[in-house]
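Please consider the sequence and the model shown below. The briefing that follows is arranged by topic and is meant to be read alongside them.

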Amino acid sequence: MNDAAPLRILVLDYLCVPGRGSERGAGWGMLRALQRFGTCTVITAPESADAITEWNDEHPGEEIAVEVVAEPSWATVAKRTRIGEFLTYLAWQRRAHAFVLRSEPRHRYDVACHVTLSAFWLPSMATDLGIPSIWGPVGGAVATPRQLWPLLGWKGVVVEIFDWVAVWTMSLYPSTRRTWRVATVRVAQNLETVKRLPPDLRTDTVVLNHALFHDVGDVSALSPVVEAGRGVDPYVAWVSPMESRKGPELAIRA
């Protein structure tokens with residue numbers, strides 16, 4: 001890469017919030033990692049844009065260019081349910097795609113990167129801009145082993161079954177399969193996800209978990225807590241949403 005001409009990167013990052021965990025934290029960590037390779041412009045939703053703008057104010061000289069694409073008017077109600085969250089995201093992607101084609105000259109960027117939502121069974125507009133694209137790291141293929149279903153509770157089992165049906169259905173969606181094949185570079189979070197791709201796409205799919213890019217911030221404040229806990233009770237840092245399908249009961253038992 002020519003040092004005089006750093007990469008111009010368009011980052012599709014629906015959820016991207018400094019200091020948060022789970023998908024929002026992963027989106028932020030990936031954005032910060034991509035900044036090492038060039039100049040980033042992030043396309044995101046209002047929630048994330050507000051957080052990044054606040055971060056920019058607190059870090060002069062490190063500002064990140066932000067383009068805000070609003071969610072549809074019905075999003076506030078729809079996002080109260082899990083399926084509504086994904087429907088909102090798909091609608092937001094269509095808006096983001098139209099925004100980029102309308103107001104952002106595509107030749108302005110060298111590469112488009114899809115960061116969040118990072119599910120292999122969802123399509124990405126980053127592959128439809130006529131420039132090289134990086135899709136991922138994506139996951140969404142890991143399921144709870146049947147032996148552990150009793151730990152989920154009946155609500156957790158219902159969610160598990162619903163998720164399996166939704167993933168299977170959306171993985172058949174033509175736009176999703178187009179994303180798999182058109183992406184210049186495919187990055188999966190784990191081997192389970194690689195195995196869900198067509199056989200001819202598995203060999204050159206890179207495996208890299210986005211948890212490696214989480215920005216944990218300043219942990220010095222935790223030192224007194226850790227010191228106080230030594231020899232008494234261990235402390236556990238839970239980095240996932242507190243949902244039954246994430247297995248908190250299993251972690252506590254372990």
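Leu117 is located in the loop that links strand S4 to strand S5 (133–138). In this predicted model, the peptide bond between Thr116 and Leu117 is cis, with omega of about -5°. Most peptide bonds are trans.

**Cis peptide bonds**

- A cis peptide bond also joins Gly136 to Pro137, where omega is about 10°.
- Pro137 belongs to strand S5, whereas Leu117 lies in the loop between S4 and S5.

- Leu15 sits in the loop between strand S1 (7–13) and H1.
- Is Leu15 buried or exposed? Leu15 has a relative accessible area of 10%, and because the cut-off for a buried residue is under 20%, Leu15 counts as buried.
- Leaving aside residues up to four places away in sequence, the contacts of Leu15 include Thr116 and Leu117, the two residues joined by a cis peptide bond.
- Leu15 also touches Glu23, Arg24 and Gly27, as well as Glu47 and Ser48.
- Leu15 and Pro46 are 31 residues apart in sequence, and their C-alpha atoms are 9.5 Å apart in space.

**Strand S1 and its partners**

- Strand S1 is mostly covered, with five of its seven residues buried.
- S1 and S2 run parallel and are joined by six bridges; Ile9 stands opposite Cys40 of S2.
- S1 also pairs with strand S4 (residues 111–116), in the parallel sense and over five bridges. Here Val11 has Cys113 of S4 as its bridge partner.
- Together, S1, H1 and S2 form a right-handed β-α-β unit.

**Helix H2**

- Helix H2 spans residues 46–58 and has 13 residues. From its first C-alpha to its last it reaches 19 Å, close to the 18 Å expected at 1.5 Å a residue.
- Which residues of H2 are buried? They are Ser48, Ala49, Ala51, Ile52, Trp55 and Asn56.

Technical notes
Residues are numbered from 1 along each chain as its sequence is written. This is a predicted model: local features need pLDDT of at least 70, side-chain atom pairs count only at pLDDT 80 or more; totals for chains, interfaces and linings use all residues. Side-chain values use heavy atoms; hydrogens and water are left out. Helices (H or I, at least four residues) and strands (E, at least two) are DSSP runs, numbered from the N terminus. The expected span of a helix is 1.5 Å times one less than its number of residues. Buried means under 20% relative accessible area, exposed over 50%, partly exposed in between (1.4 Å probe, protein chains only). Contact means heavy atoms within 4.5 Å. Two strands pair if DSSP finds at least two bridges between them. A crossover is right-handed if, with the strands pointing away from the viewer, the path from the first strand over the helix to the second runs clockwise.
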